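Please open the model in your viewer and keep the sequence panel in view. The selections are given in order.

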2 protein chains.
Amino acid sequence: MKDRNSEIKVYPPYFSPGLKEERIVLSHGAGGLKMHRLIKGVFLKYFGNKSLARLEDAAVVGWEGEVLCFTTDSYVVKPLFFPGGDIGKLSVCGTVNDLAVMGAEPRFISLSFVLREGLRLMTLSRICQSIKESAKKAGVEIVTGDTKVIEGGQGEEIYINTSGIGVRKKAVKLGAELVRAGDVILINGGIGEHEATVALARGDYRLKSRLRSDCAPLNRLIAAVLSCGGVRLMRDPTRGGLATTLNEFADQSDLGFVIEEERLLVARAVKGVAELLGLDPVYMANEGKVVVVCAKNRAEAVLKAMRRFPEGRRARLIGAVVKAPAGVWLKTRLGSLRRLLMLEGEQLPRIC
Amino acid sequence: MKDRNSEIKVYPPYFSPGLKEERIVLSHGAGGLKMHRLIKGVFLKYFGNKSLARLEDAAVVGWEGEVLCFTTDSYVVKPLFFPGGDIGKLSVCGTVNDLAVMGAEPRFISLSFVLREGLRLMTLSRICQSIKESAKKAGVEIVTGDTKVIEGGQGEEIYINTSGIGVRKKAVKLGAELVRAGDVILINGGIGEHEATVALARGDYRLKSRLRSDCAPLNRLIAAVLSCGGVRLMRDPTRGGLATTLNEFADQSDLGFVIEEERLLVARAVKGVAELLGLDPVYMANEGKVVVVCAKNRAEAVLKAMRRFPEGRRARLIGAVVKAPAGVWLKTRLGSLRRLLMLEGEQLPRIC
């Protein structure tokens, strides 16, 4: 088992001439092991530099007098609209949150559309309305954009890229290298709601449910968290879910991250969808959650700060960092430790 | 005729409830009139702010101590590889050039891939190699990225978004408001090469030709141009070509832009493709050209600066700015004036 996980540390060559015919499959985009191999074996091979090699949610680029953060994300979710959000809201929140978890205040967003011929202008306008509202809520300005149209397919299709610039105070220090054994792991609520909602909305399951995506801009909540002090590292557990985010932390710190099953909040409806579709909530995508690793003595202050926001009402401590064993572990209700590896392949149905 | 062109100044509502079923067509992405209507009627309606409403190639965002430029562009070209370039080179050069024409020194690039299932990893790697080389040539660093995979279609498909950050000296002032009657219009070489090349590469024309796309990063050439002084406004004439770029200038300045047919350089092979496919070179896309409007007394210095670079060897003066008639005009070889309107619909075949 150790081998499978350490494999992702193998750098180029990712493929040999004999693998010339290897093709992209959906799981290359699923946030798991295959995607990490693609990033390290292809992208870092070609583009490796100090910013990129950190594999964080945004780049911190040097700037005279200020620290800038810069991030990019493309959104391809289907269906375009789902309970609690749509591709437009998602494309603002995702990029805002990527900047916020880097400790930056999100300021400027770019917006680039790839539209498939046949998309209704009314659909585009609804998405734009949603982008506008989300940008307002997050306090970011959309300052530049681009539009391309591709030849027609079936159904309505739109892909959105948002890139963002944020500014970070010089005093803010965050990173896997700051994490220590004894630190605690916090999250601002339940897990799996986004993926469960979208999976249901995609399907022909004829289920009725009150499930809503947790999609939300978290920059204000995160700024409050940061002001408590003692925060080592934050990330939003999107594709690949909580377990993948913790694996990234473990990979970058060589420490152990132990979460306790009974402390995790999984809504009844999420559990239902997970069981129905054979998904594991710890690998399910979230779009309004942040995982915070902080000093134990700051945990209460951070949780209190989170709970002041609607998106943080159900904030909780879910685990702790240990020196050994390294990797990510789930302490089950029965007290045993189950290793949570980086997702191999993808969970089905795919939703982002 | 005046009406058709002035129509694009009509702001929202772009469509009424009766047009609810209006759909996106390819020409919404062709850089012409339909695209401008979409931008003004939908995007500016929802996202309008001072930066965006300028409709320039990059946003200039306020920053303490420095001026930042921020731009975004998605690339959907087919075929992925063509003589003189590929989608990777294009995605770096396009974004670098968008920053450079704003007077900025390009610094940081983000890179976001949307890959269609079935893409060969070898294809992706060739594209990455090309991105790497172009970024090196332009002197920009790729600092952040993202990858999504969408479900399989036919053939190999990849869409790339690059966003970029550049820094501009505070002393640099550029904009349509600085243009005066009597200024001159310069370009760093022949027109239509990119579109002619890609159109040929797409087609089943069985033509052999030495055509190559002009795709190139122009930031160093443009920096040299800028240092000559007297530059009012620059833009890279990509989708929609020279005529569309000049229409954007005319739209923003309410002045007349007159270019002379006999001063334009159109390679014999470009003419051939244009005649074969019924295209007009002044509307054909370029990826390594910059249109410069500058004071008449700086024209010689600017041309000399351009000619020091391989991409500027055939730089030339092509026209002048007049007070009236407003709009864009082509002075033909016979001496008559032909109005060049914003492209209605699209030229076929579409190439970007």
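The tour begins with chain A and then turns to one helix of chain B.

This is a predicted model, in which local features need pLDDT of at least 70 and side-chain atom pairs count only at pLDDT 80 or more, whereas totals for chains, interfaces and linings use all residues. Residues are numbered from 1 along each chain as its sequence is written, chains are lettered from A and ligands numbered from 1 in the order in which they are written, and side-chain values use heavy atoms, without hydrogens and water.

Begin with the scores: ipTM is 0.87 and pTM is 0.88.

Select chain A and colour it by pLDDT (the predictor's confidence in each residue, from 0 to 100). The average is 86, and 88% of the residues score at least 70. Next select residues 1-19 of chain A, where the pLDDT is below 50. Beyond near neighbours in sequence, this stretch has 33 contacts in the model (heavy atoms within 4.5 Å).

Of its 352 residues, 63% are buried (under 20% relative accessible area, with a 1.4 Å probe and protein chains only).

Now select residues 241-253 of chain B, which form helix H8. Its 13 residues reach 19 Å from the first C-alpha to the last. Eleven of the 13 residues in H8(B) are buried, among them B:Leu242, B:Leu246 and B:Phe249.

Conventions:
Helices (H or I, at least four residues) and strands (E, at least two) are DSSP runs, numbered from the N terminus. The expected span of a helix is 1.5 Å times one less than its number of residues. Buried means under 20% relative accessible area, exposed over 50%, partly exposed in between (1.4 Å probe, protein chains only).
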